Amino acid sequence: MSSPDASEAPGSSSLPAGQTTTRDDAVDRILDAAYELFSRRGIRAVGVDQLIERSGVAKATFYRHFPSKDDLVLAFLALRDQIWTVDLIISDARSRGNTPEEQLLAIFDVFGDWFQREDFEACSFINVLLEMGREHPLGKASIGYLARIRGHIQELAEEAGLERTEEFARSWHILMKGSIISATEGDVLASKRAQQMAAWLIEQHRGPEHPAAA
C-alpha cells in the first residue's frame, strides 16, 4: 500500500493502470477527482470543498453538474463499475482464459496482480456499503453493483455449463469478497487460496454431461 502522502499527492490517481478519465470538461475533472479520493478515503472523509479544489472547477460549476455530494458518489460508483468490474476484472479474466472455466479461475489471477499494486484500494462497493449502511441510498446502490458482479459470474458459469448457476455465483462472490478483505489484511497469497477453493466449487457444480477436465 502506498503511504498517505503518496496517495494524496496532486496528480496521483487510483484509476487502474492504463485507465483514465478524459479531462475535456469539468465533469471529467470532477469524476477523476472523485474516483481518486472516494476509492482511497471513503465517502464521509471527503468533503465537497476538497473535491472542488482537487478538480480545479468553480463551486458553481460543481453544483451545476452535481447538485449534491450523493449525486457525485452515484456517478463515481457507476464509473467504478465500468473501470473496475467490467474493464479490469471481467474483461481481463476473459482475455486470460480459453474456456469459461479458465476465465472464471483467471479472475483470481487478475486479483493477484491487483493485490500487488501499490495503489490497491480494495472494493469500493463493499467499502461504501459498510460505511453508509444497506438502507442508505448509496448503500443500496452498492448492493446493486455487487449484484451486477454476480451477474457476470453467473453468465460465465452458464457458458461453462455448470449447474445451479445463481447459487454458484453467490458462492463464488463470497470467495472474491473474502480474498479482497484478506489481501487488505496483508495476506499476499489471498488470491491463490481463493483460486484453489474456486476450483473445488466448480467441481461441485459440474453437470453429469460435463465431467472434470483431464
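Let me begin with a definition: on a 1 Å grid over the protein atoms alone, a cavity is a set of points where a 1.4 Å probe fits but cannot get out, and its lining residues have an atom within 4 Å of a point. Grid points are joined across faces, edges and corners, and a volume is the space filled by probe spheres set on the points. This is a predicted model, in which local features need pLDDT of at least 70 and side-chain atom pairs count only at pLDDT 80 or more, while totals for chains, interfaces and linings use all residues. Residues are numbered from 1 along each chain as its sequence is written, and side-chain values use heavy atoms, with hydrogens and water left out.

The structure holds two cavities of 30 Å³ or more.

I turn now to the packing of helices, which are DSSP runs of H or I of at least four residues, numbered from the N terminus. Axes are lines fitted to C-alpha atoms over the stretch in contact, and angles run from 0 to 180 degrees between N-to-C directions.

The axes of H9 (165-185) and H10 (residues 190-204) come within 9 Å and cross at roughly 170 degrees. H9 is therefore roughly antiparallel to H10, the term for angles over 145 degrees. Their contact, meaning heavy atoms within 4.5 Å, involves residues including Trp172 and Leu175 of H9 and Met197 and Leu201 of H10. It has ten nonpolar, three polar and no charged residues.

H6 (residues 100-115) and H8 (residues 137-159) have axes that come within 8 Å and cross at roughly 150 degrees. These two helices are therefore also roughly antiparallel to each other. Pro100, Gln103, Leu104 and Ile107 of H6 meet Ile153, Leu156, Ala157 and Glu159 of H8.

Finally, H5 (residues 69-96) and H7 (residues 124-132) pack at about 150 degrees, with their axes 10 Å apart.

Terms used:
Angles under 35 degrees count as roughly parallel, over 145 as roughly antiparallel, 65 to 115 as roughly perpendicular and the rest as oblique. On a 1 Å grid over the protein atoms alone, a cavity is a set of points where a 1.4 Å probe fits but cannot get out, and a pocket is an open set with protein on both sides within 12 Å along at least five of seven lines; lining residues have an atom within 4 Å of a point. Ala, Val, Leu, Ile, Met, Phe, Trp, Tyr, Cys and Pro count as nonpolar, Asp, Glu, Lys and Arg as charged, and the others, Gly among them, as polar.
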